[in-house]
Structure formats: structure tokens, C-alpha cells
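Hi,

Here is the structure I promised to pass on. Have a look at it first, then read my notes below.

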There are 2 protein chains.
Amino acid sequence: MAPGVTSEKKTEDEQTSKDNLIHLSNPHLEKMKDDILYHFALGTGTHDFPALFGDVKFVCVGGSPSRMKAFITYIAEELGLGSLSGDYPNICAGTDRYAMYKVGPVLSVSHGMGIPSIAIMLHELIKLLHHSKCSNVTIIRIGTSGGIGLEPGSVVITKQSVDATFKPQFEQVILGKTVIRSTDLDDQLAKELMQCSKEINQFNTVIGNTMCTLDFYEGQARLDGAICSYTEEEKLQYLKAAYDAGVRNIEMESSVFAAICNLSGVKAAVVCVTLLNRLEGDQISSSHDVLVEYQQRPQKLVGHFIKKRLGKV
Amino acid sequence: MAPGVTSEKKTEDEQTSKDNLIHLSNPHLEKMKDDILYHFALGTGTHDFPALFGDVKFVCVGGSPSRMKAFITYIAEELGLGSLSGDYPNICAGTDRYAMYKVGPVLSVSHGMGIPSIAIMLHELIKLLHHSKCSNVTIIRIGTSGGIGLEPGSVVITKQSVDATFKPQFEQVILGKTVIRSTDLDDQLAKELMQCSKEINQFNTVIGNTMCTLDFYEGQARLDGAICSYTEEEKLQYLKAAYDAGVRNIEMESSVFAAICNLSGVKAAVVCVTLLNRLEGDQISSSHDVLVEYQQRPQKLVGHFIKKRLGKV
């Protein structure tokens, strides 16, 4: 754990400097001539990273590629940077692992579902931002989640990302050994986002803990998977214990997202809409149109935040 | 752990019967009127599952949606079931979480990257096969991996899927508690696939253990991620210890794949090509054309297996 702790300290120092660069906690990278970001189908030997990405200040990430394309289209219009064709090319067109779009200072990247999938993307994203010499970058995950005790459609800004035992930590396996990492997120950024939600005043938003699980069915106490060995009472008992620990929603990426952003000295936030109230059911059965509108809520909130930061509100 | 063990016993009994149906280890499902498979955008209330999928005997799954489309195109030609248009519709067109294609008795489904992503797909796939009243189904994962001590392009048929400490087990978190599940795969099926590789005789194939990790960079001892706290010597020591434990390749889905197929009474195999030899490097730097050819190898092997099973060889 020593190297991880060292990196986090370095990061804090850097955050006090004016130009907050991306911190790479990996001494081996200096020795590499080229760096291939395989899952982005991009490489330093084939692409001019500073020219392509040097002006990026906001990175928004989310599971679904089509949602991240919808977000870039939305933010382009909001910032007055819309393309004449109305289309935005996928920067990662050479692969179907992730999709990436850019408009002005905003990068929008998909990450698939689950901790391993977002972790691959984040390793390559952090390297991309470093190779591009980006500074003062804010990364926000805009996603979907299951809510606990909230009206469906509510938005949760994550205070702490906790594991399935409600501890604010992420277990990373390195060379077969488990290392514990902090899942702290930026308090100030969460408050700033909450203020944005108040300003747009279109939907219920709360700051709360987010439980990050490795599984959607058994891992989130659902009764409707192919496998289930517990009763409805045991399920409700577990979800109520989560609520009592401050958990307001459940998703599958926030813990490693917080851990990697922490170690890289990047301010980060998680803003997820809740598609259902898990105390009332397991199946996501709202109509397509209702779910589409819900999924636009984190986009609207973060869109307002970006406009405000850029002095366009 | 008791319920899991019970299910596995039932499964063995079922496998001796002539019509091996899909086993659902979840008593709650009987009580549900409709079942929405949210991540497939399919539901029993809106789709006639037996009519759509009742004849499925082979399910092939892999990470990349475009690779799974390429596979259905290939197998359609091989089985003489090619469509006139040369195109195959995505059955899960209502979502971008997974892609699904079907030709005759073959279903081809993408699963994204990592254990959580394939687990969501498998829960919904097992329910789909059950609702469709499918029998005698074989599921094969055709994927990519990093090899250990093998010439790149070699294909590994998994004997046992092991974790990062080389144990043949999968840890499932249920209601915050960890349950250990078996990752056994079907020995006979692995041997049958090895025989197919000998018959087509186009590339090196071995039967070996497959290490399944939760991470691509630190979890697989890579030196080229955004974060790395170990030396090159420690990396090689770890990979050599894996080799000594019988590990011939590393990927990110096989353990939960084996565990869920086991509990559902479905015969399963994992056939992955190795894109590089991890004892010689970390970056996947072969040319696009070489990588494309490598990725066709599991498809060719499994294509031959399906043709043979259907008496078309």
C-alpha cells in the first residue's frame, strides 16, 4: 500500500498549485517510446495527443455509448458549438470497446458496465490526458442507478462511494494481493453541483452515499436474476441497512472511478439518476419515454455546471 | 452456500436426463407475471420467447459486438443459412448494452468487458433460454486474452478458470457476504473442441488454465497502466508463478461464466486466442490485420465444432 499512499499525498500537493496537471503514478511510462491505448484505438505514435485533446477541461463519462453521443450533441448546442451537420464523429471509431466524442473543452466517453470495464477506460483516459498535457480537468460520471427510498427519477450526487458492506473503500487486486484504496470524491465539487440543481430546479436532487457493487442481480439483492438464494425479507433488510448507512443509490462503477481519479489528482464527481425505488421492486418497468427523460437529468445538471464554469450562464 | 450447492446437485441429475433443460436457481421467478430482460430490451410480456429462441442449441458469447456480428455472418455461411441480404438484424436493437444475433440453432451475444458486464448478460441469457424452453444448450465464450509462454495467436481451451491467486473459484458477493462458487467447465466438451482444432489444423491450440482478473492493468501485472507500484521483476515473478500453476492465458470473464453456467446446468467452454505473450511485453502492438486474423481463430474452431455436432462435416 505504500506506493498508493505516496501518490495520494503527491496529489494533494499538486492540487494546491495553480496548474493542476494529471498525475501518473507509474514510473515505467517514462521509459516507453510510444504508448498504445489499445481499447481506444489511439496511440502516441500515431496521434498528436496535445493537438487533439490539449484543451480538454471537462470529461463526462457514462456507461452507454449512445447516451454519451446524446450528451455531446446536447452540450454542443448549450455551448453554442453545435456542428452544422449536427453529427459528431466517434474519436474511437477504430474499436467498439468504447466511444469518445469531443466538443470544445468537453470530452464525452462511454465506459460500459461494471468496475473492470470502467477501470480499463480510466487507465487509458488518464494516460490520454497526461500525454495531451491537459490541466485543471474535472471528470464527472453521469449514469443510471437504482435508488433506495427515493422517488424514481431523483438524481443522486455521490458523497461517498461505499462497497457492499457500506465501507468507503475499493479493493484492488495487485499481483494476487488485495490493496485497499480510498473512494473519496471532491466535497466542494459535489456542493457546486447541488447548487446547479437548485438553479435549474427541474427535478429532485440529493447528496448521498452510493453503493458500488460487482453484480446487478445477487450483488444488489435483486429477486429477479437467474440465481437467487435469499428471501424478500432478507433483501429488504439488506437494502434498509444500506439506507441507514446513508446509501441513496446503487450502481456499478463509482468506487474504482473515485479511487483512480484520487490517485491521479483529478477532481471527480458522480451524478446518477435513479430509474426505480429498490424498496418497491427490482424490474425496470417504466416506459421507454420516461426512462429517456430520466437519463437526460444528469446531462442537464452537468450541462448547467459546465456552462456556469465557462461563464456562459 | 447451501442453496448454491443444492442447485449444482440438481443440475447433475438433470444432465443425465435426455432433455437437459435450463435450470433456474431462483424460486421467486415463478411468481412473476412478466419478466423484463432490461439489458436486452426484451420481455416475456412483449416477445414470444419460445417462437423466437426455442430452437437454440449453441450460444456463442464474446466481448465485442462487432466480433459477435462477424461470427454470426461466418457461421451462417458455414451452415448454408446465409441471408440473401448478407445482413443479420441485432435482436437487442432497443438497447446498446449488448448485441444479439441468431441464425438457425446458433445465438451470438456480446457481453462487454469484465465479470460484472458478462454476469448481467448471463443472468438475462439464462432466463431467456429458460423462458424459451430450450434444451441441450451448449454455451461457448469465444474471446481474446493475454498468453503466458505461448506464441501470440495460439488458442487456449480453458481447463479450469482460476482467480488471481490461482485458485479455481469465483467469489460472489450476496447481501454483503462473500460466497465461493466452483468454476468447473465441462472436461468432455474441452476435449471435443481440442479434437476439432486438430482436424482443422490451422493454428496452435492448447488446453490450459485461464486466469480471470477484475482488472486489465494492475490486476494482470501490466507495467503500462496509469498506475503501477511494482517492478518488472515482480511482474515476471507473478506471471511465472501463474505459468507454474498451469495458467496459459489471462482474461476477465471466464470465472463468473463458468460459475453461472454450472449453477444453471448448461455445458460450457471457454476458447480464447492470445493476442500477445505477456512474458515478452504488455502492449498489444501487432498490426490491425494480424489482430483481426487472430480473432477469427476461436470462431473457426467453434464453427467447425458446431458443424460437426450438426453432422455437416
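Helix 5 (residues 187–200) and helix 8 (residues 288–309) of chain A pack at an angle of about 105 degrees, and their axes are 9 Å apart. Helices (H or I, at least four residues) and strands (E, at least two) are DSSP runs numbered from the N terminus. The axes are lines fitted to C-alpha atoms, for helices over the stretch in contact, with angles running from 0 to 180 degrees between N-to-C directions. So helix 5 of chain A is roughly perpendicular to helix 8 of chain A (65 to 115 degrees; under 35 is roughly parallel, over 145 roughly antiparallel, and the rest oblique).

Before going on: this is a predicted model, where local features need pLDDT of at least 70 and side-chain atom pairs count only at pLDDT 80 or more, while totals for chains, interfaces and linings use all residues. Residues are numbered from 1 along each chain as its sequence is written, chains are lettered from A and ligands numbered from 1 in the order in which they are written, and side-chain values use heavy atoms, leaving out hydrogens and water.

Back to the two helices. Residues of helix 5 of chain A, including A:Leu193 and A:Cys196, meet residues of helix 8 of chain A, among them A:Leu301 and A:Phe305. By class, this contact of helix 5 with helix 8 in chain A has seven nonpolar, three polar and five charged residues (nonpolar is Ala, Val, Leu, Ile, Met, Phe, Trp, Tyr, Cys and Pro; charged is Asp, Glu, Lys and Arg; polar is the others, Gly among them).

Next, a spot from the records. An unreviewed UniProt entry places a "binding site" at A:Gln220 and A:Arg222; such annotations may be inferred rather than shown by experiment. A:Gln220 lies in the loop between strand 10 (205–212) and helix 6 (232–244) of chain A. Is A:Gln220 buried or exposed? A:Gln220 is buried, at 3% relative accessible area (buried is under 20%, exposed over 50%, partly exposed in between, with a 1.4 Å probe and protein chains only). Leaving aside neighbours within four places in sequence, A:Gln220 is in contact (heavy atoms within 4.5 Å) with residues including A:Asp215, A:Glu251 and A:Arg278.

Over in chain B, B:Gln299 sits in helix 8 (residues 288–309) and is buried, with a relative accessible area of 6%. B:Gln299 touches B:Arg67, B:Ala70, B:Phe71, B:Tyr74 and B:Ile142, not counting residues up to four places away in sequence.

Enjoy exploring!
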